[in-house]
Structure formats: structure tokens, C-alpha cells
Amino acid sequence: MTTKAPLEVAKSAVFLDRELSQLTFNRRVLAQAEDNSIPLLERLRYLCIVSNNLDEFFEVRVASLLAQGNLAENPILAANLARISGECHLLVKQQYAVLNNEVLPELQAQGVHLVRHSDRNEAQRAWVKDYFEREVRPLLTPIGLDPAHPFPQVVNKSLNFIISLSGKDAFGRGSAIAIVKAPRVLPRVIRLPDNLSKNSGASFCLLSSIIHSHIEDLFAGRDVVAYSQFRVTRDSDLWVDEDEVKNLRQALKGELQGRQFGTSVRLEVAKNCPPELSQFLLDQFALDPSRLYAVDGPVNLVRLQELVGLVDLPGLKFAPFVPGMPAKTVNSDIFEQLRKHDMLLHHPFQSFQPVVDFIQAAAVDPQVVAIKQTIYRTGMHSELMEALMTAARMGKEVTVILELMARFDEEANINWADKLEQAGAQVVYGVVGLKTHAKVALVIRREEAGLRFYAHLGTGNYHLTTTRFYTDFGLMTAHQEMCNEVNEVFIHLTSLTKPHAFKHLWLAPFALQSEIIKAIKNEAKLAKAGKPGRIIVKVNSLVDESVIRALYAASHDGVKIDLIVRGACTLRPGVPGLSENIKVRSIIGRFLEHSRIYYFRNDLKHDVYLASADWMSRNLFRRIEVAFPVLDKALKKRVIEEGLNPYLKDNSNAWELDQNGQYHRRKPRGKQLVYSAQHHMMALLGTPT
């Protein structure tokens, strides 16, 4: 019996659903919150991460699907949204069950009390009453709805209350509905004084609970019949007609103000919200009932993250981890070190400080004449950006490719653009229609033999906070051929000229996808010739159809393929005749897996590329991305032994994907010892504490 070639198999049997795959990722994160071996406050943090992920999922993915047209005229889209809605409702229900049945009771047993109004004693109620009158009530503006007081604008993801009233108002009219917005300037978690806490523990109240318990005080002379907290999620993907605007930065400033009031895509209410109030809100936001989520707890669950920061009790959080500092970077001339050898940094197990030192040293080095750097995400406060401004003020040529369209970081990047230009730096906003997602920096130094280039290329952002929690690789090099190609990337981005053909770098949107497919096909060619074909890839997402089809074809030809994909993966592994030689696993642990590694055995040449790009069409065709080779044999070995092999061995945080799109947690088999790749790397590279 002959087996059909992969390209002949129907598309419906070839690819998994992207949105459902993304939601299964959140199920794996939720499983961390259910894991009793993880400290309690970290389990709460995972619950908050699920909420944050779902917020973005609705703001971007669901919003984009809803914008595709009339669901009545598109039954396929309607069915897909129905499946997504069903999965989301199940996920949210399970999330709140974990919160109420496991995490909060166990925190209470450890002396951390989230005290509801019904559970407060008289002393606690008196304190909360005083806090409400002093800190909260002056900031509230209750709005009784009538023709002169229409339904107010509700900010995206803000906490609000809807109240049903009986009786007449001060003017003798019977307005029945009122809205109260919770002040965004107030904390969502408030700690009670220690002398009011139970059993020498720590007691907290939610702002929503404080407002709930005093809603009647806001409507003197009226009877509060019913009330509920609510929260609306809106389409938050910014859109700017880049062909029409003359100044992208100014256009984005205007768009940012409108983001808070985009099209509604989801409504959250308390589970005891009366149906008539829920329907009233659905009508106001033009949502159908499938977009309603009645939750058993606070609607703004992500804000419980504040509780994690307010409690400092031993054993409730992960033990502190101090990243290691490579010995060659301590008290040494970074440029001298790079002239001798390349340097590989594996974050967060190794400190990001050498990269900061690299840019800071360049900023004040009189021999440095120019610094060029791409910035995608860097945060509101950044030593790197301060160093670039210092360099510009000292008269160096500083060029920053600053991506203004980095989702949810637009405002921070606009602010940095203003500051950099004021300091004298040349700021370019990338290429119209493409996001600059590459992570590269270049230092040009005048030395005895002439101008010499030094570069840093990475898989992660120049963001000092995320470098402590995301796994990434960074390569620092003085390899002149590769550094020259980095410089050509900058020239391409600033001049908009066509880039040269590169020997080392794979650049999107021009060559990255074709080079990936060429490398995959090369492994297939070797396998058909009777030689071992081997591919190992670690990315955040895998959804590009052309790349997946190339992987299927390689599997069909006998190439052994391991894919470590943290998030969405639409490839079906283990299907006979299609992908029986492909295995897919996902690692969910203490740190967010973020590094992108492409390994091709290539007849024992062992090609290793690090990259900023996932294997998604947006990365390969709608972004500026750079994949770069690790040329030094010792460093290449490190990438394989630190970034790939341990993750294939992991039987603690690994989930294996089956051909039906379901993930199964890998557990030790037989006499195997428990093995975590992240724990192994912490022990190998971290600083002992």
C-alpha cells in the first residue's frame, strides 16, 4: 500500500487550529497554578498570567476574527468563534475554581487572608469604612442614567459597577440604573493594619470588595436592589494608515488615546449579576450572550498580582535566584575580550549586565565613533537608553531603530524617541508596514588598523526586567564579516535600499523563510541519500504553513525532527505518512521560554542559528528579523547542550503534543529521576546563594 505524500493530504487534516492551540497553551500555564509542588504565591501569579494572556487573546486574536465580517454570512468563522468561546468559558471556569478551592484557602492556612465583607469582624469593618470615606469615596462619581446622563464611556479592562435602584431620585424621577467607575489611581489590593490581621498573619481587602460593601452609601434615599462589578475588554490593536500619515509618531499618539475605547469583544460580570443587568450591559456594548463571562470572584483577576508583591513570607515564593556573571566579563576591557573570542550569554541563567556594560563602555570610550541599535521593547526605565543618550551628548553618531508599533509598548517607545532626539540621536521608526523585531546592536571603534566593528545579536529584547525572567541567548562578537553584515542591516533600515546578499545572516522578510526551508530540504536530501537527517528547533510559535509543509516532507523522507514550541503550534506530529518522525513538546516552568534556536545536523557540520523570529508568517514576511549563526565550535556546543538537549530530556515541565492537538504532561518513566531543564541551567550557570 502506498502512502500519500504530505502535500497530497487535505489541509483540514494537516494543520491544527491556531486559536485553540493558543488556548491550550494557557491551559498548560493554568496547570502550573494547580501544581502543589510550586509555592503558593507563584501559583497565584500563574493564575494572573492566564488572565493577562486571555486579555491579550481577546484584545487581538478574537477582535481580529470578529472584524472579518458578518458572522451570519460566514458560518465557518461563526463556528470557529463558537469553539473558541466554548474553550474560553471552560478555561475561565477552571481558573476561578483553582483560585477559590485551592489557592485562596491554602494561602489562608499560611496566614495570608483575602478578607471579604461577610468575613470581616467589627474592627476590620470600621477600618475599611474609614478607608472608603477617606481614600475612595472622594474619587467616585456615581452616574444615574437618564437622557441627560447617558451610559458613560468605559475604559478598556477597567473596573466598574452597575447598580439597580428603586425609589425616586432627588428630583422625583425614577431612574433605575447607575454606573460607578472604580478610580484607576487606587491600588486594587489594600493591606489592613497588622493589628487587625488574624493569627499574626497578613490580611488584605480588594478595592472591589470595599466599594461593594459601601455602594448603598453612594445613593442616599434610594434602595439598592442589585449590583455587580463588570469589566469590558476591547479591540486594542492599533491601526495607522502608514501610507497616508506624514509622521508616524504623531499619528500613534492620537491612536493611543483611542485604544481605550475600541470595539467591545468581551464582558465580564460577577456570577450573581442579575440577568437583566447582564443583558443591559450586553446591549450597551453591542455584544451577543456568548461574549458574557460570569465569574466567581473579582472580574479583574490579573490585578491580584499586586498581592504577590505585598506578601513576603518564607516558602510562598520561588527561592531567590542570582544570575551568573561570566568570568571573562568581570573587570575586563570588553572590546579586548571580544577581539580574542566571541562571547555567548544565556539569560536569565547568566546576567544581562555584560550587554549593558558593552553599550555603557561604548558610550564613554573616546575611540568609539558610532553606536547603532534596534529597540523593540525596553520599558519605561532603561540604563541602555540612558547610555545611548550619553553617547549622543558626547558627540558620537548614535542611530536607534525604534519600533513604535511594538504592541502595548507604543507609549514607552514614543517617550524614548522624544528623549533620544533631544539628546542628539538619529531615531528611525523602522520600515513602513513592517515591524522591526530584530535584536541587534553595533559599535564602531577607531583603532590602529582602522575602523573595527563589534556587535551584539540576541533572541530577546533589550529590556532589563524581562531579561531576568525570559530565557534568551545573546552573542557578542567582533567577527568582522558578521559585524559588517549587521551594519548593512542598519543601512538597509535607514536608507530603505535593498540589502545585499548575506553570507552569515538570514534576514526577514527577504531571505529568512527561504533559508529555513532550504536548510530543511537539505536535511531531507541527506536522509534520502542514506545519511542521518536531524532537525531540532526551539521557538515560541510555529504556524507558518510553508515551513510546516517542508517539515512534513522532511519527515516523510526520514528526517528525525524535534520541535520545542512554547505556545501556538499548528503542526500535527506523529501522523503516519505525514509526520511520524516529528515530535513536539512545550516547556512551561519558572521562566518564560523565549529563545529561538534552529539546529540542522547538515552532515556533521552541526549548523546552529539563533534568531529573533518565530516560525510564523508575520515574523517571516511582516517583520524585520535576523537569524545569525554561532560560528565558534565551543559556543555552538554550548547552545546545543544548554538550549536544546536539556529541554528534550525534561520530564518535569515538558508537555508532549499528540496528533489531535492535545498536550500530555511528561513524567519520569521507570527509574528515571525528575529532571528540569531550567533547574539544571540554574545550577550550572547561576551564582550560588
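Which side-chain oxygen reaches to within 3.3 Å of the backbone nitrogen of Leu384 at the start of helix 12? The oxygen belongs to Ser382, and the pair falls under the rule for a polar contact (N or O atoms within 3.5 Å, where within protein one must be able to donate a hydrogen and the other to accept it, and residues adjacent in sequence count only if both atoms are side-chain atoms). The model is predicted, with local features needing pLDDT of at least 70 and side-chain atom pairs counting only at pLDDT 80 or more, while totals for chains, interfaces and linings use all residues. Residues are numbered from 1 along each chain as its sequence is written, and side-chain values use heavy atoms, leaving out hydrogens and water.

Helix 12 spans residues 383-393, where helices (H or I, at least four residues) and strands (E, at least two) are DSSP runs numbered from the N terminus. Its buried residues (under 20% relative accessible area, with a 1.4 Å probe and protein chains only) are Leu384, Met385, Ala387, Leu388, Met389, Ala391 and Ala392. These buried residues pack against helix 11 (353-364), strand 11 (368-375), strand 12 (397-402) and helix 13 (410-423), contact being heavy atoms within 4.5 Å. After helix 12 comes Gly395, whose phi is positive, near 90°.

**Cavities**

A cavity is a set of points, on a 1 Å grid over the protein atoms alone, where a 1.4 Å probe fits but cannot get out, and its lining residues have an atom within 4 Å of a point. Grid points are joined across faces, edges and corners, and a volume is the space filled by probe spheres set on the points. The count comes to 4 cavities of 30 Å³ or more, and two of them are set out below, with Ala, Val, Leu, Ile, Met, Phe, Trp, Tyr, Cys and Pro as nonpolar, Asp, Glu, Lys and Arg as charged, and the others, Gly among them, as polar.

| Cavity | Volume | Lining by class |
|---|---|---|
| Largest cavity | about 90 Å³ | 7 nonpolar, 2 polar, 4 charged residues |
| Second largest cavity | about 70 Å³ | 2 nonpolar, 8 polar, 1 charged residues |

The largest cavity is lined by 13 residues, of which Ser51, Gln95, Tyr96, Arg266 and Glu268 lie nearest its centre; helix 3 (40-66), helix 4 and strand 8 (264-270) each give two or more residues to this lining. Among the residues lining the second largest cavity are His347, His456, Asn461 and Asp472, and strand 17 gives the most to that lining, with 3 residues.

Note on methods
Buried means under 20% relative accessible area, exposed over 50%, partly exposed in between (1.4 Å probe, protein chains only). On a 1 Å grid over the protein atoms alone, a cavity is a set of points where a 1.4 Å probe fits but cannot get out, and a pocket is an open set with protein on both sides within 12 Å along at least five of seven lines; lining residues have an atom within 4 Å of a point.
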